[in-house]
Amino acid sequence: MPITFGASARRLLNSGGGGSRTLDTLDDPNETYTDSYPGSSKAPFLDLKESTYINQAIDDINEVLGLLIPAEPPLFPANNNLSFSTQNDFSLCGNTDTFYNGNTLTVGNSYSTVFSNSITSNQDIHGSGPGDQGVFKLSHNGVIRVSSSFNAYTNPNDVTVSSTDGKFSFVIYDNLEYPDQDQPFWQTFSVKEAKFELDQGANKLFLEHETDASTQRSAEPTIIYDHLMPLTPIVEIKNVSNPNNTDFCGGILHLTHNSTVNIEFSGSDTTGVMYRNSDFCKIAGNNVDSQTLTYKTLNGGNSPDFNSDLGDITRATGIGDNPGVVEPSVRLWTRNQSTDYFRGSNGDPIMLSIGDRANKYKDYFIPEKIPVYIIQNGSRSDLTTASSSYIYRDGAAWPASGIQVGDALNLVSLPKNVDLSEPGYEDYAVPVAGRLIHSTGSYANHFLAGPNYTGKSSEQYFIASYKVQSKTNVNMSYVGQISDLNILFYNHVGGQQHILASSPFNPNPLIPEPYGSFVVTPYDQNGNRLDEVLTEFPKSSNNINKVYQFSFGNYSSVDSTGFFSGEQTIAFIFKLTKGHYIDKLAFHVFG
């Protein structure tokens with residue numbers, strides 16, 4: 001039958017007792033032991049003789065038992081940590097000494113932070129020993145708040161040990177024999193759900209197991225309870241100033257793709273005892289280069305003071321490469337976050353950006369230049385014209401709607417800074433922030449103030465014109481929605497441009513082209529002719545890779561009303577009404 005050593009057996013062996021010096025004699029209280037050697041390393045299983053000392057025999061027995069006794073369980077906390085769910089990227093503000101609560105803290109250092117005054121551990125401390133000795137304690141800021149005793153006969157198990165006010169507690173569970181019930185030589189216990197009620201400011205927390213042999217502590221985390229958080233920060237963009245690299249489009253001042261502006265903003269409710277350091281502030285938004293900033297970066301490298309506001313901040317911010325509306329935003333994070341857009345529900349003025357149109361072809365945007373690619377006699381040269389042309393006659397601008405066949409006029413580049421509400425310009429469409437639009441709005445209240453176009457015509461025009469050397473075919477791609485398209489031919493006589501014809505659309509390319517008409521044949525971006533038959537010019541296109549080829553009438557170099565040798569001009573006149581626009585436009589001219 002196997003011998004089972006329980007906890008009681010271990011206690012008998014450890015407690016010792018009286019007895020004879022040798023196995024055949026009684027104790028003599030006047031004698032002393034001079035040759036005992038407890039803990040000797042002599043081999044066990046020695047023969048016991050009448051002359052064997054009792055202490056030598058017991059020592060040999062202990063060495064035998066030592067080979068049979070299982071190893072002790074790990075002492076508390078058994079390589080486990082006392083851990084809590086906290087915010088770990090918060091740093092200590094200045095002037096917070098009153099919240100240290102006897103603990104040593106350093107301004108600017110990061111500490112685990114919570115925003116509730118009651119927290120509970122989120123990790124069990126499992127399988128510690130000894131589970132039948134000592135006192136288990138919960139300590140908060142150097143004060144034992146609740147404790148529980150272990151002994152050999154009555155050990156807490158699966159119970160909550162709580163302070164009388166319920167503010168502090170822990171749960172003891174799995175108070176078990178170790179290593180198992182078959183060899184119950186030791187005892188272990190486990191702890192979970194250690195609950196603490198925190199003071200405002202710093203809190204030093206630990207669990208402790210004290211026995212006669214030693215005192216073992218868990219980790220001692222310092223946790224800040226920030227009673228002023230979580231706040232919802234308030235951020236206000238006060239102004240956007242000092243732009244550089246601006247340019248006009250359609251008479252409206254725009255930022256360009258490499259512009260920078262200073263964004264001036266303020267922030268309040270951004271700190272309590274602690275402040276968020278990492279990812280505190282993000283400046284971003286539509287068409288704005290983003291940047292993420294720490295509180296110390298915005299505060300001149302210094303930690304803020306307790307319960308302070310951010311104050312007024314100015315940061316230089318770059319504008320993105322795309323055309324369109326520029327909407328900078330500033331977002332501040334504490335535990336919460338707040339966002340304020342420069343253009344928002346408050347009707348704040350907006351900014352416009354032309355964007356970067358360098359080296360563009362099929363993704364070309366409207367406002368600066370339209371690319372016109374001239375191919376003659378197998379060679380190619382690139383020609384660009386202004387974003388729009390206008391009619392100049394009799395020393396003044398002339399409305400586009402007044403063009404007639406036979407007129408003598410000059411077609412010149414539309415100045416980028418001209419106010420298109422002035423007489424002669426009122427029916428020209430407006431290039432705004434990367435697109436050509438029918439505009440009857442006011443730009444006077446924009447951050448970069450512009451003209452008021454509320455009085456412009458209900459029908460507006462955009463003229464794209466270029467010079468050629470002979471009869472041509474033209475490939476045109478566009479993205480947009482238009483009301484109508486007309487094409488005019490000019491001959492250069494006596495330094496002026498005389499309108500030769502206004503060409504109507506010929507819906508049937510199989511019928512011989514009448515004089516002055518044009519035929520439109522659609523192709524894909526690879527030059528493959530599409531099968532569709534156009535019964536009218538498509539007024540809507542959402543694919544810049546869809547190409548429309550224009551073939552013109554039978555102009556003759558000997559016909560006085562047709563193309564003459566030398567320089568000629570072709571003008572595409574796009575008509576826009578309310579809601580119409582052109583986003584992209586490009587031409588290939590074949591001569």
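View 1. Phe 136 stands opposite His 209 in S10. Strand S5 (residues 135–140) runs antiparallel to S10, and six bridges join the two. Here strands are DSSP E runs of at least two residues, helices are H or I runs of at least four, and both are numbered from the N terminus; two strands count as paired if DSSP finds at least two bridges between them. Keep in mind that this is a predicted model, where local features need pLDDT of at least 70, side-chain atom pairs count only at pLDDT 80 or more, and totals for chains, interfaces and linings use all residues. Residues are numbered from 1 along each chain as its sequence is written, and side-chain values use heavy atoms, with hydrogens and water left out.

**View 2. S10 and S12.** Four bridges pair S10 with strand S12 (residues 222–225), again in the antiparallel sense. Look for Gly 201, whose bridge partner in S12 is Tyr 225.

**View 3. The S10–S11 hairpin.** S10 and S11 make a hairpin, with four residues between them. Strand S11 (residues 215–217) is antiparallel to S10 and joined to it by three bridges. Glu 210 has Thr 215 as its bridge partner in S11.

**View 4. How covered is S10?** Eight of the 10 residues in S10 (residues 201–210) are buried, so the strand is mostly covered (buried means under 20% relative accessible area, exposed over 50%, partly exposed in between, with a 1.4 Å probe and protein chains only). Across the protein's 591 residues, buried ones make up 46%.
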